[in-house]
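We will walk through a pocket and then a helix.

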Amino acid sequence: MLNFAAIDFETANGNPCSVCSVGIVVVREGKVTEKFYRLIHPVPNYYSPGNVMVHGITKADTDNADTFPEVWAEAVPLIEGLPLVAHFSRFDEGCLKAAFRRFEMSYPGYVFHCTCTASRKVFGRSLPDHKLPTVAKKCGYDLSHHHHALADAEACAAIALRIL
């Protein structure tokens, strides 16, 4: 796969529509051509302590951020016509669909590919687990800022270029 957009969301709480950041890495002809990162004003707008502990984003960080529809309007031209790739894509696809539903937006049927599933097929039991940092390291990518949406999307792109 040489043309795709790697995507990662972070959420404010346990509700999948509470996206509070998005990272996107666009790959064309096997090369990273664009990177996109935005904080998002989440809905519902509350932060669970566990989520904050994971990604470090707080309500104060997103109080003045754009809402999902505004941020997604910026992202659409970047990803148009590209399949989306995520590590454990069920989570990111679920967040995207939940945000579309929450804002009563028509979901365009994005095609997702999962680097976690691909890792299990390619590396099998040779890895202790198939978490993003483990697979990224195996693929030669140093993920030093795990749970920052852009860093995770960059790692996902590196993995996808190696094994998809």
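Here is the tour, stop by stop.

This is a predicted model, in which local features need pLDDT of at least 70, side-chain atom pairs count only at pLDDT 80 or more, and totals for chains, interfaces and linings use all residues. Residues are numbered from 1 along each chain as its sequence is written, and side-chain values use heavy atoms, with hydrogens and water left out.

**Stop 1: the largest pocket**

Select Asp8, Phe91, His146, His147 and Asp152, which lie nearest the centre of the largest pocket among its 17 lining residues. A pocket here is an open set of points on a 1 Å grid over the protein atoms alone, where a 1.4 Å probe fits, with protein on both sides within 12 Å along at least five of seven lines; lining residues have an atom within 4 Å of a point. About 340 Å³ of space lies inside the largest pocket, a volume being the space filled by probe spheres set on the points, which are joined across faces, edges and corners.

Next, colour strand E1 (4–11), which gives the most to this lining, with four residues. Strands are DSSP E runs of at least two residues and helices H or I runs of at least four, numbered from the N terminus.

**Stop 2: helix H3**

Now select residues 68–79, helix H3. Its buried residues are Phe68, Val71, Trp72, Ala75, Leu78 and Ile79, where buried means under 20% relative accessible area and exposed over 50% (1.4 Å probe, protein chains only). Turn to the face away from the buried side of H3 to find the exposed Ala73 and Pro77. Finish at Gly81, which follows H3 and has a positive phi, near 80 degrees.

Definitions and conventions: Expected span 1.5 Å × (residues − 1).
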